[in-house]
Amino acid sequence: MINSDYKDYIKVKGGVALPGEPVPQCLIGLPAELLADLSWLPAEVNAEQHLEGCAWWSQEILEPVIDEMTQKAGSATFIPDLARKVVVVSYPILTLTPEEAAAKHRELNSVPESVKMAQARLALLQRDLLDDVNSKVATMPRAAQIEWEYETVVRRDNSLVIAMQSMLSMTDAQMDDLFVLANKQ
C-alpha cells in the first residue's frame, strides 16, 4: 500500500533512505512527482537548503502477517525502490522468546474470576460436560440446585464450582481452562 500522506514522505539521499527528516518548508506544497526528483531546483536553492542529491519519496508499508502467539514484528527497515521512487517499509518477523511466548499466553488466556452463567453452560456444552453437570447438580442439596438454576454469574472460587470440580475429577488447570473457554463464548 503506497502512503500518500504528505507528512509520511521519507528523505532519500544517495540511494539511502533517511526516515525522520521532514520535508523542508521550502518544498511544502509540491506534488509527489517534483519531490521525487529535485534536480529541477536551481543550484543556489540546492546549495542554500543543503538539498543536493536529496529527494522525498512516499512510503509503501508492507504490514507483516504474524502469529501473535509465536511471532512479533521487528524494527522497520526502509529500502528505497529506485525504479518506482518509493521507500518500501517492511518489518522482519521475529520468533518470540520462550519468556515472551509465555507472557503472551498468560495475557490471552488469563483465567477470569467469573463468567456469565450462559458462558459457563456453553463451555460445558462444548466440552460435552453439560449433561453430566446437570445430573450431578440434581443430586445436590436444594440450595445448590437453586444457585445453579438462577445464578447469573459463576465465580471460579465458588463452593459449587469447587465441589463440581471434585465430582468431575477435574484438576485446577482443567477447571481454569474451562473458565478461559467460557470467557471466550
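Let me begin with Arg121, which lies over the face of Trp148, at 4.5 Å from the ring centre; here a charge sits over a ring if NZ of Lys or CZ of Arg is within 6 Å of the ring centre and within 35 degrees of the ring normal. This is a predicted model, in which local features need pLDDT of at least 70 and side-chain atom pairs count only at pLDDT 80 or more, while totals for chains, interfaces and linings use all residues. Residues are numbered from 1 along each chain as its sequence is written, and side-chain values use heavy atoms, with hydrogens and water left out.

The charged end of Arg156 sits over the ring of Phe179, 5.9 Å from its centre.

I turn to the helices, which are DSSP runs of H or I with at least four residues, numbered from the N terminus. In H5, Leu130, Val133, Asn134, Val137 and Ala138 meet Ala144, Gln145 and Trp148 of H6, where contact means heavy atoms within 4.5 Å. That contact comprises six nonpolar, two polar and no charged residues; Ala, Val, Leu, Ile, Met, Phe, Trp, Tyr, Cys and Pro count as nonpolar, Asp, Glu, Lys and Arg as charged, and the others, Gly among them, as polar.

Notes:
Helices (H or I, at least four residues) and strands (E, at least two) are DSSP runs, numbered from the N terminus.
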